[in-house]
Amino acid sequence: MTLPKNLISLFLVLVIARDSGLARANASPSVQSLNTHELINPKLPPRAISSSKKFEGSSDLVHLRYHMGPVLSSSPINIYLIWYGKWAPSQKLLITDFIHSISADAHSAAAPSVAEWWRTVSLYTDQTGANVSRNVVVAGQYSDLRYSHGTHLTRLSVQQVIASAVRSAPFPVDHKHGVYLILTSEDVTVQDFCRAVCGFHYFTFPSMVGHTLPYAWIGNSGKQCPEVCAYPFALPGYMGGGGPGSLSPPNRDVGVDGMISVIGHELAELASNPLINAWYAGEDPTAPTEIGDLCEGLYGTGGGGGYIGQVMRDREGRTFNVNGSKGRKFLLQWIWSPVLKACAGPNALD
């Protein structure tokens, strides 16, 4: 999945919006907690990049198929975080709280929750019938404060960052359970970042790292391109003072709140297609359409045609659609359900 393609057609988005009522069957009955917040269905302008997508691997109308490869079914899924560059402690805490929320128990977060959102991902199975694990943990963290591979990374040097972390011994070589998540700070530029992608996932090459390991990279767009990678929390400058405004991020950090949606997207696809031979659509594994791509831009019921869908806004005006542990709130895009054959999210209202 190295070549971005055009946006999913408007027709598909409208079909998904029509079928989103099916997602209600996958939501928790306690979703009535939505009533404690203001519901909004904002219509926002087209993305700044209309001929390509924020995420890798999009294409037109295609059928999602299983290609007999593994999914991340071993429990727990161990996330090894690599903080490349300088990060504020509050930013690190926000992202780790999100990851911890994926497998939080039913009492640690109000519905609709991040854990309920991940249940759609857990519906994907391998050829033995084993589901993607619901247990996701932060198994280790490594900070590269010295920018050991420079302030500009290529796709290959991203793998060298992983190799450095593994050689430095804070991380084991975790073939069975491990996922390596490289997060670059807002002053690091990355090949194709902002222009074509905000995040991607793949697997490491033995020639680069010594092992084949699934990984994902996501960049902080806070200073470089928030209108592209932190949308809808930032809008293109050409919008000026006219039209609808950007939405208020749930944790008051445009760059990191935008990152979290991309992290969720990439983790969902990595879990269901870690070696690019499991769940994807299209005939070319180098440019697959995956379970996040099919729902890109949809966050709630009624999404499509420029609408992100029905989401929530708290008393301070911050926009979100799921709750996390420690009282956190997040805005996560919906994921394609293999059971419903539609985009699904725990905040569905129909």
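**Note on the disulfides, ring pairs and selected contacts**

1. The disulfides of the protein chain follow the pattern 1-3, 2-4, 5-6, where bonded cysteines are counted along the chain. A disulfide is here a pair of cysteine sulfur atoms within 2.5 Å, and by this rule the count comes to three disulfides. The model is a predicted one, in which local features need pLDDT of at least 70 and side-chain atom pairs count only at pLDDT 80 or more, while totals for chains, interfaces and linings use all residues. Residues are numbered from 1 along each chain as its sequence is written, and side-chain values use heavy atoms, with hydrogens and water left out.

2. One of the disulfides joins C194 to C225, with an S to S distance of 2.0 Å. The link of C194 and C225 is left-handed, with -75° about the S-S bond. The pair links distant parts of the chain, 31 residues apart: C194 is in the loop between β7 (189–190) and β8 (199–203), and C225 is in the loop between β9 (214–219) and α6 (226–229). Helices (H or I, at least four residues) and strands (E, at least two) are DSSP runs, numbered from the N terminus. C194 and C225 are buried; buried means under 20% relative accessible area, exposed means over 50%, and partly exposed lies in between (1.4 Å probe, protein chains only).

3. C198 is joined to C229 by a disulfide with an S to S distance of 1.8 Å. The torsion is -85° about the S-S bond, and the link of C198 and C229 is left-handed. Because C198 lies in the loop between β7 and β8 and C229 in helix α6, the pair ties together parts that are 31 residues apart in sequence. Both C198 and C229 are buried.

4. A disulfide also joins C295 to C343, at 2.1 Å from S to S. The torsion about the S-S bond of C295 and C343 is about -100°, so this disulfide is left-handed. C295 lies in the loop between β10 (279–281) and β11 (311–313), and C343 lies in strand β16 (residues 342–344), so the pair ties together parts that are 48 residues apart in sequence. C295 and C343 are both buried.

5. The structure holds 16 aromatic pairs. Rings of Phe, Tyr and Trp (its six-membered ring) pair if their centres lie within 6.5 Å; planes under 30 degrees apart count as stacked, over 60 as edge-to-face and the rest as tilted. The pair of Y80 and Y180 is stacked, because the ring centres are 5.1 Å apart and the planes stand at 20°. This pair links distant parts of the chain, with Y80 in strand β3 (residues 77–84) and Y180 in strand β6 (residues 178–184), 100 residues apart. Y80 counts as buried at 4% relative accessibility, and Y180 counts as buried at 0%. Ring pairs link Y80, Y142, F171 and Y180 into a cluster.

6. The rings of F203 and F205 have their centres 6.3 Å apart and their planes at 80°, so this pair is edge-to-face. F205 is partly exposed, at a relative accessible area of 30%.

7. Charges also sit over rings; the criterion is that NZ of Lys or CZ of Arg is within 6 Å of the ring centre and within 35 degrees of the ring normal. The charged end of R155 sits over the ring of F200, 4.6 Å from the ring centre. K329 lies over the face of F320, at 4.6 Å from the centre of that ring.

8. F320 also belongs to a strand described here, as M312 stands opposite F320 in β12. The strands β11 and β12 pair in the antiparallel sense over two bridges; two strands pair if DSSP finds at least two bridges between them. An open sheet of three strands has the order β1-β11-β12, with antiparallel pairing. Its edge strands are β1 (38–40) and β12 (319–320), each of which pairs on one side only.

9. S122 lies in the loop between α3 (114–121) and β4 (136–144). With a relative accessible area of 4%, S122 is buried. Its side chain makes a polar contact with the side chain of R134, at 3.2 Å. A polar contact is a pair of N or O atoms within 3.5 Å; within protein, one must be able to donate a hydrogen and the other to accept it, and residues adjacent in sequence count only if both atoms are side-chain atoms. Not counting residues up to four places away in sequence, S122 touches N131, V132 and R134, where contact means heavy atoms within 4.5 Å.
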